[in-house]
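Hi everyone, thanks for making time this morning. I'd like to walk you through one structure, so please have a look at the screen.

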Amino acid sequence: MIDEKIKKFIKETLIGMSVYIDEKEIEVEHPVVFEHGDYSTNIAMIHAKKTGENPIEFANKITKELIKNKPKEIEKIEVAGNGFINFYFSKDFFIDSIKEVLKKEENYGKSNFLKGQKTIVEYTDANPFKEFHIGHLMSNTIGESISRIIEFCGAKVKRANYQGDIGAHIAKAVWGIYQNKNNLPKDGLDPKDKAKFLGMAYALGAKNYDTDENIKKEIEEINRKIYSDEKGEIKKLYEWGRKTSLDYFEMIYKRLGTKFDYYFFESKIAKSGKKIVNEYLKRGLFEESEGAIIFKGEKYGLHTRVFQNSKGLPTYEGKELGLSKMKYEKYSYDKSLIVTGNDINDYFDVLLKVMSFIFPKLAERTVHVGHGMLKLPTGKMGSRTGEIITAEFLIDEVFKRVRPQMEESGLPEEIRNEVAEKVSISAVKYSILKQKAGKDIIFDIDKSVSFEGDSGPYLQYTCVRAKSVIEKAKRENKKLKAVSEKKEITNLERMIYRFPEIIKRAGEEYSPHYVVIYLIELSAEFNTYYAVNKIIGNSKESQYRLAMTKAVSIILENGLKILSIKVPERM
RNA sequence: GUCUUUGUAGUUAAAUGGAUAUAACAACUCCGUCCUAAGGAGUAAUUACAGGUUCGAUUCCUGUCGAGGACACCA
């Protein structure tokens, strides 16, 4: 990439001047404003600090040398008043960069800096029997996007979903189902309604567990039965609920555009987790306390966690040890990413510490990405009380606001629902992906999910618009060619070539929001350009304008694809 | 209480220690269509507070205040 080339160029020039600077210290960046050039470096300030030289004098000295050997891509190198050295690209560079986009098309932006890296990404982690709420939606959206970004960077990704189909929460739900066992939803019913039934059963169980001692005992007995190999009525209801729930989730994944390679279930992992915990109890990593098996994290600046409870059942922590082992057995990964809510960040520190003693290599390869919580203006949501916002409810609410706009769109009746669906999902996903993962999102359906400006539909619209212009040009047999006579360089050209480096950074930091921000800036530049320049025309330059438009549409399509946002044909 | 994350225009967000802190929404002005106006141009408005390190701090350090989260058998 061109930034690497500039760094190398600077380094070689400095060597030529007998100035030694570590390569890592050479940094180039895009200035905030285009007037300051396409790249700039602060190398003169860094160096001057060390030697005590005057930074501006030193900058002038380097620049003189840089100009002597400047590569053909660079038109101009200047020193700014404060010591920055600014690089300006030549028109040919921009023309070539557009040619490259057109040539690579759907491959534009791909790189191989993660080439062959086997990566398993765990995300979504919705628990059967419970509702698929907006927290799962967040994890799914972020996890899917990270998966696609690193795939673009060359990683070999396997998508994994870890599901808690066993444990106290399930027992509560099964108790709730048992109370209504004569009113189970019929087979043919909408999966959404069946899921609602399960959600209510869970809320019922959870509420009674807290308030009624006898029911608490019943639920504990149910929990024991589910863990055991006993067959019977409870087990049957459990199996029914589990399947009903998983079928429903599968429908949601399809709607959101995720396809998992592996499904891990707590029920299958519990035994292995328990075994590991007990083995390492003997080896002294864990201790027994009040009948439970715990890890004292205080020695490491962490806190104590229970890995097996006093009833002899492994907790989430204990099961997770089994999970890491099973993941590796399925797919001998180089990297393991786990995307969850940030409420378990501290817990993960403890877990990784424990893992570092048991599976040191796997612990090194594991990265936890904690995303923020979706919060509603009304306060916290909790699934115990039943006051939860499901993912489907949210998307449907957005859909209700989008659908009426279709009436004025002039789109054919038969595609209106499909377009509204794509727009709705894009609006929701965008509002999740636009900010740095890790921070909470205050989610107000009316305010957060917008269709104008900084939004998913804005990106879709820009892409559809660009494609529509190209279609029209095609019908009129206009030529599309990346050749320009003009010297003038537009801001749009200055944005186009940056896409690959954005993807790389997003892949390195597991941060889809860099892609989102870039696509918005690119779209804004295109729309500005579009407003003042007629693209289709008879001048020589219109071929070039068309080529730029095509480049923008390619980048938007590729960019939206890795954000897992679908572009409608028309809108 | 201990540990931890966090505090940026009216609102929601952005900014590997860099140049004039960047956008969108809302507000106020404009552009009624010629290739898709879910668009474009413009005005006004922001780093919680107090110190420190630095040529340079939204970013790093210390303290104060405010808001989340975790801290023993839920996940």
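Let's begin with the hairpin made by β3 and β4, which has 5 residues between its two strands. In that turn, G83 has a positive phi of about 110°. The strands themselves, β3 at residues 74-79 and β4 at residues 85-89, run antiparallel and are joined by 5 bridges. If you want a landmark there, find I77, which stands opposite F87 in β4.

Before I go on, a word of context: this is a predicted model. Chain A has 571 residues, and 40% of them are buried. The chain contains 21 helices and 14 strands. Along the principal axes, its C-alpha atoms fill a box of roughly 85 × 65 × 40 Å.

Now to a sheet of 5 strands. In what order do the strands of this open sheet come? The order is β7-β6-β5-β11-β12, and the pairing is parallel. β7 (262-265) and β12 (366-371) are at the edges with a single partner strand each, so one side of each has no neighbour in the sheet. On average, neighbouring strands here are turned by 25° against each other, ignoring direction.

Let me stay with β5, residues 118-122, for a moment. On one pairing, β5 runs parallel to β11 (residues 335-341) over 4 bridges. Within that pairing, E122 has I338 as its bridge partner, and V121 stands opposite L337. Helix α5, residues 134-152, touches β5, β6 (156-163), β11 and β12, and its direction makes about 155° with that of β11. Helix α11, residues 316-330, touches β5, β6, β7 and β11, with an angle of about 155° to the direction of β7.

Is β5 largely enclosed or largely open? It is largely enclosed by the rest of the structure, because 4 of its 5 residues are buried. β5 also runs parallel to β6, and 5 bridges join the two. There you can look for T119, which stands opposite V157 in β6. To get from β5 to β6, the chain passes through α5, and this β-α-β crossover is right-handed.

There is also an open sheet of 3 strands, ordered β8-β9-β10, with antiparallel pairing. Its edge strands, β8 (287-289) and β10 (305-308), each pair on one side only. From one strand to the next, the twist averages 50°. β8 pairs with β9 (residues 292-295) over 3 bridges in the antiparallel sense, and S289 stands opposite A292 there. Lying across β8, β9 and β10 is helix α10, residues 266-282, which runs at about 110° to β10.

Last stop, the RNA. How many residues surround RNA strand B? The count is 76, and the closest are S40, N309, G453, Y461 and S468. By type, the residues of this surface divide into 32 nonpolar, 25 polar and 19 charged. Which element gives the largest share of that surface? That would be helix α17, residues 456-475, with 8 residues.

That's my tour, folks. Happy to go back to any view you'd like to see again.

Note on methods
Residues are numbered from 1 along each chain as its sequence is written. Chains are lettered from A and ligands numbered from 1 in the order in which they are written. This is a predicted model: local features need pLDDT of at least 70, side-chain atom pairs count only at pLDDT 80 or more; totals for chains, interfaces and linings use all residues. Two strands pair if DSSP finds at least two bridges between them. Axes are lines fitted to C-alpha atoms, for helices over the stretch in contact, and angles run from 0 to 180 degrees between N-to-C directions. Two residues are in contact if their C-beta atoms, placed from the backbone, lie within 7 Å. A residue is near a molecule or strand if its C-beta atom, placed from the backbone, lies within 6 Å of it. Ala, Val, Leu, Ile, Met, Phe, Trp, Tyr, Cys and Pro count as nonpolar, Asp, Glu, Lys and Arg as charged, and the others, Gly among them, as polar. A residue is buried if 20 or more other C-beta atoms lie within 10 Å of its own, exposed if 12 or fewer, and partly exposed in between; C-beta atoms are placed from the backbone. A crossover is right-handed if, with the strands pointing away from the viewer, the path from the first strand over the helix to the second runs clockwise.
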